[in-house]
Amino acid sequence: MNAKKKVIAMLLAGGQGSRLYALTQNVAKPAVPYGGKYRIIDFALSNCTNSGIDTVGVLTQYQPLVLNEYIGNGQPWDLDRMYGGVHVLSPFETKEGADWFQGTANAIYQNMRFIERYDPEYVIVLGGDHIYKMDYSKLVEYHEKNKADGTIAVIDVPKEEASRFGIMTCDAENRVVRFTEKPKEPESTLASMGIYCFTWQKLKKYLIENENANTGSKDFGKDIIPSMLANKERLFAYTFDGYWKDVGTLDSLWEANMDLLSPSVPLDLYDPKWKIYARHNNMPPQYIGETAQIENSMITEGSNISGKVDFSIIFSGVTIEEGAVVNYSILMPGTVIKSGAVVEYAIVGENCTVESGAKIGISPEEIQNREDWGIAVVGHNVTVSGTAVVKPKEIISENV
Amino acid sequence: MSVNNNVLGLVFASLHDSTVIELTKQRTMGSIMFGGRYRLIDFPLSNMVNSGITQVGVITKSNYGSLLDHLGTGREWDLARKQGGLHLLPPFSQNVGEGVYRGRLEALNNVWSYVEHSKCEYVVLSDCDYVANINFEKVIKQHMETEADITVVYGKYKYSEESGSCVDVLEMDEEGRVTAVLIDPLLSGECKISLDMFVMKKDFLRKLVKDAASKNQYSLVRDCLQPKVKEFVIKGYEFDGYFSRIDSVKHYYEANLALLKPENRNQLFKPGAPVYTKIGDNGPVKYGLEAKASNSLIADGCIIEGTVENSILFRGVKVGKGSVVKNCILMQGTNIGADCSLTAVITDKNVTTEDGRVLTGSDSYPVYISKNAKL
């Protein structure tokens, strides 16, 4: 019999990511490309492996094909373990019938048998749509030190943004006294990051109770945390002070990519002690042509650049021809920008072709009414013809 | 593909080490870095895997630490398998006194039990001194059809006496049968040269190996092919794609820079026949505010703040602000400080230069800086 695991992680990757529209038509949000050679989920998976957590359940539901294939046996993250490792957990049928995951708590509830196999002391619950580097072992240490039942990772947010988050009010020992979801007048600026550490036996009790109570939402933020607080369980806030970004919207996805180009943003992809792992596709090094002009950008393997690139993130296998201009944009894998095309302040999805003469997006300086400005988005596998103009804020997912 | 379950690949990772002595000081031929993110052994291994060969033995000799580290379990070449897969064959001293072989046949005699026990009818032999993307399926097919004893892969090459050492020039008749093998002949002009890749039946190879051992012979070319062109049916298979030969530091330099030409690069990195290598998990290349790059091949993990022209940068190279790198090959982990100027320089792994250093070689004689050097 295998020994029990002290900590296992459950990664909620079922989100449809409806606010990412064109980019999540066929893939779940955690599988959306980010940062030149990653997908969003790489951060959580790499954090697990770098924190010494070798057992991870990934809960999928919406469009799981790409995500399943991407995770595979977990080898790129060192999560192909003899005992433990990464497991993709999809909704399944039982004698009582089949159910979709109804909320975050219900998703964990439905997979209690997976957790019980490892008989863990602690379970870490993670979202699959955040960009951050975090040592979960410190979270567990903190949880143990406080003899906590639950520990919620929090980040200090600017006061004016606090009403967008779940806000924790804590006492002097960082014990949570109140939790309010999206308060109009926030009492504190400590926002929940959607990262929890629970003592498993305690969580199990609350999951079962919540399931039986049938609240409808079956959610950690709406149900589990409030009922634990109501019963005076020991809940603590663990303050995280690194870079953390929710990439739930197209704007925030674009910003999070641009953050990588800012010297003042503390998200280092080059730290050998905390590598972010990803599945690779065996492409040759990037070729930078004679006519290329590249400044302040990130470009990865298999790309062929002969045009002008400024403040942009270029994924693998992208071609930018001579005479093409790409500014402040994100070009996802396999996309081709033909000579004479201009792409500015835009996200262009995978395997798109932007024909010569096409114009995607515009700089905010060139627009009179700033209210009209926003990034332009082209979904995956789209051909943008030479006469097409994709306006700011416009989102297209079919050939134009 | 099924036919190739019947084929064993054998890669000689440590032949020709002495031709590029600077680069093999701390490694062996197969682990010499090439093309920005590869090592020479990646090419024969990928060729075999892309040809459906799923059992490969890698025969090493000395300085093979970096090779073992690179190959690991063979997973990156899809050769971590229960049936077949990758086998590392370091020197084994059962048959030869010191265990260090002198040529292919002696090396094979040392590891013959591995070859004998592999389930195969044919063997494909390849060295690591030619860089090419070649499909062995076609070679094997021709070998079967012609019923030759040995099929040797050759390419057309502008040869001259200065071409380097141990060039095997082939003469052939109209049917493609090899009539003579000349080693470093006094010739010049376009010649057919052996690319050091051979196909034969395992049973035939066994005879060659055992016969050579009984006579204290060791060289496949000198002791077998050359004297026995009349006795054996040796056929040539023409490889007409792009290849380069690594037999001196100068040729190593030229072969790397040749990849800047798209016609060469596109023949080496073909869709459908990728070149596999160990994954480094580096971030994307980061270009700074004042970066300038042109006509260069740049691997992931590089951070470019200065100017890079006509160069090959391996993984994790840093080029500081105000520095200019021209016609250079900078291997993995090279760290160039600020305001340096490097022209026609090869830096080995983890070379660091302080700010303001100036190094100038020439295209015909590039400066080579050895591993871990600090300037």
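**Entry 1: the sheet across both chains**

I began with the open sheet of 11 strands, whose order is β31(A)-β28(A)-β25(A)-β22(A)-β19(A)-β16(A)-β16(B)-β19(B)-β22(B)-β25(B)-β28(B), with mixed pairing. Strands here are DSSP E runs of at least two residues, helices are H or I runs of at least four, and both are numbered from the N terminus. Two strands pair if DSSP finds at least two bridges between them. At the edges I found β31 (383-384) of chain A and β28 (367-369) of chain B; each has a single partner strand, so one side of each is left without a neighbour in the sheet. Inside the sheet I looked up β22 (residues 319-320) and β25 (residues 336-337) of chain A, which pair in the parallel sense over 2 bridges. I320(A) stands opposite I337(A) in β25(A).

For the record, this is a predicted model, where local features need pLDDT of at least 70 and side-chain atom pairs count only at pLDDT 80 or more, while totals for chains, interfaces and linings use all residues. Residues are numbered from 1 along each chain as its sequence is written, chains are lettered from A and ligands numbered from 1 in the order in which they are written, and side-chain values use heavy atoms, with hydrogens and water left out.

**Entry 2: the sheet of chain A**

I then took the open sheet of 6 strands in chain A, with the order β17-β20-β23-β26-β29-β32 and parallel pairing. Its edge strands are β17 (293-295) and β32 (389-390), each pairing on one side only. Strands β23 (residues 325-327) and β26 (residues 342-344) of chain A pair in the parallel sense over 3 bridges. Here V326(A) stands opposite V343(A) in β26(A).

**Entry 3: strand β8(A)**

How many residues of strand β8 (residues 122-127) of chain A are buried? I found 6 of its 6 buried, where buried means under 20% relative accessible area, exposed over 50% and partly exposed in between (1.4 Å probe, protein chains only). Y122(A), I124(A) and L126(A) point one way from β8(A), and V123(A), V125(A) and G127(A) point the other way. β8(A) pairs in the parallel sense with β1 (residues 7-12) of chain A over 6 bridges, and I8(A) stands opposite V123(A). β8(A) also runs antiparallel to β13 (residues 190-199) of chain A, joined by 4 bridges. In that pair V125(A) stands opposite Y196(A).

**Entry 4: nonpolar cores**

I define a nonpolar core as a set of buried Ala, Val, Leu, Ile, Met, Phe, Trp, Tyr and Cys residues joined through side-chain atoms within 4.5 Å. The largest has 80 residues, of which L45(A), V56(A), Y136(A), L253(A) and I347(A) touch the most other members. Apart from it lies another core of 69 residues, among them M33(B), F43(B), V153(B) and V249(B). I listed the contacts (heavy atoms within 4.5 Å) of Y136(A), not counting residues up to four places away in sequence: A44(A), N47(A), C48(A), S51(A), I53(A), I124(A), L126(A) and I195(A).

**Entry 5: helices**

Axes are lines fitted to C-alpha atoms, for helices over the stretch in contact, with angles from 0 to 180 degrees between N-to-C directions. The axes of α6 (residues 200-213) and α7 (residues 220-230) of chain A come within 10 Å and cross at roughly 120°. The contact is made by K202(A), L203(A), Y206(A), L207(A) and N210(A) of α6(A) and F220(A), D223(A), I224(A), S227(A) and M228(A) of α7(A).

The axes of α1 (residues 41-50) and α2 (residues 64-71) of chain A come within 12 Å and cross at roughly 35°. I41(A), D42(A) and L45(A) in α1(A) meet L67(A), Y70(A) and I71(A) in α2(A).

In α8 (residues 250-259) of chain A, 8 of the 10 residues are buried, so this helix is largely enclosed by the rest of the structure. Among the buried ones I noted L253(A), W254(A) and M258(A).

**Entry 6: two single residues**

H130(A) lies in strand β9 (residues 130-132) of chain A and counts as buried at 9% relative accessibility. Leaving aside neighbours within four places in sequence, H130(A) is in contact with I40(A), F43(A), M193(A), W244(A), K245(A) and D246(A).

D268(A) is in the loop between α8 and β16 (286-288) of chain A. At 39% relative accessibility, D268(A) counts as partly exposed. The C-alpha atoms of D268(A) and Y132(A), 136 residues apart along the chain, are separated by 9.9 Å.
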